[in-house]
Amino acid sequence: MLRHLSQFAAAPVLALMMVASAHAAATAKEAVKEATSAAQKWPADAVLTHVSTLRGQADGKAADWLYTFYSPKAKKSAIVTTKDKAVTDVTADVRNTSTDPLGAESADSDKAVEAAVKSGLKLGKGGKGVAIALYVGNQAVGKRQLFWSVSVMDDDGMVSVLLDGASAAFIRRDEQKFK
């Protein structure tokens, strides 16, 4: 009898765990404050230059995000990793991949994914595995611009939608077939 009762007790616990993990996902902006605070303990002049995840969801949220910060004084970058809206790691003195600050005027990742889907991007089964990134581009042509990139990949290829970073307005769609 106790064995049967323990099976019933386990079900609510598992259900609560699944609900808790579903609510832990965040948009890109929801953990920026925590990530920035952690980065500015590295050098205080650190500025946010890039945000990304490879584990995005159909709602534009992800359980974990990578925030890249650049220190103009140190001329170095750091990557702050968040999981469930909390900082889990700060990897300092990494190679500089981006040095231009993102600024505060960007759409959030939920709006970017929504706009990408409206422009025809088809999400995979379950709407998971969406690559989402916010970055500054076009510096080489003198037209600094903020971009969102939303991409999905499967065995046949990869499709990426490029959006304006501030408004999430559609810019272009790129498709690469693997076969």
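Two strands count as paired if DSSP finds at least two bridges between them; strands (E, at least two residues) and helices (H or I, at least four) are DSSP runs, numbered from the N terminus. Everything below comes from a predicted model, where local features need pLDDT of at least 70, side-chain atom pairs count only at pLDDT 80 or more, and totals for chains, interfaces and linings use all residues. Residues are numbered from 1 along each chain as its sequence is written, and side-chain values use heavy atoms, leaving out hydrogens and water.

**View 1. Strands S2 and S3 meet in a hairpin.** Here Tyr70 stands opposite Ser77 in S3. The two strands pair in the antiparallel sense, with 8 bridges. Between them lie 4 residues, and Lys75 in this hairpin takes a positive phi near 55 degrees.

**View 2. Strand S1 pairs with S2 and with S5.** Start with S1 (residues 47-57), which is joined to S2 by 5 antiparallel bridges. Leu48 has Phe69 of S2 as its bridge partner.

**View 3. The open sheet has 8 strands.** Follow them in the order S4-S3-S2-S1-S5-S6-S7-S8, with antiparallel pairing. S4 and S8 (170-177) stand at the edges with a single partner strand each, so one side of each is left without a neighbour in the sheet.

**View 4. Helix H2 lies across S1, S2, S3 and S4.** This helix runs at about 40 degrees to S2. Within H2 (residues 32-39), Ala35, Ala38 and Ala39 are buried, meaning under 20% relative accessible area with a 1.4 Å probe, protein chains only. They cover an arc of only 100 degrees around the axis, which puts them on the same side of H2; the arc is that of the directions from the helix axis to the C-beta atoms. Strands S2 (64-71), S3 (76-83) and S4 (86-94) are among what covers these buried residues, where contact means heavy atoms within 4.5 Å. S2 is largely enclosed by the rest of the structure, because 7 of its 8 residues are buried.

How values were computed:
Buried means under 20% relative accessible area, exposed over 50%, partly exposed in between (1.4 Å probe, protein chains only). Axes are lines fitted to C-alpha atoms, for helices over the stretch in contact, and angles run from 0 to 180 degrees between N-to-C directions.
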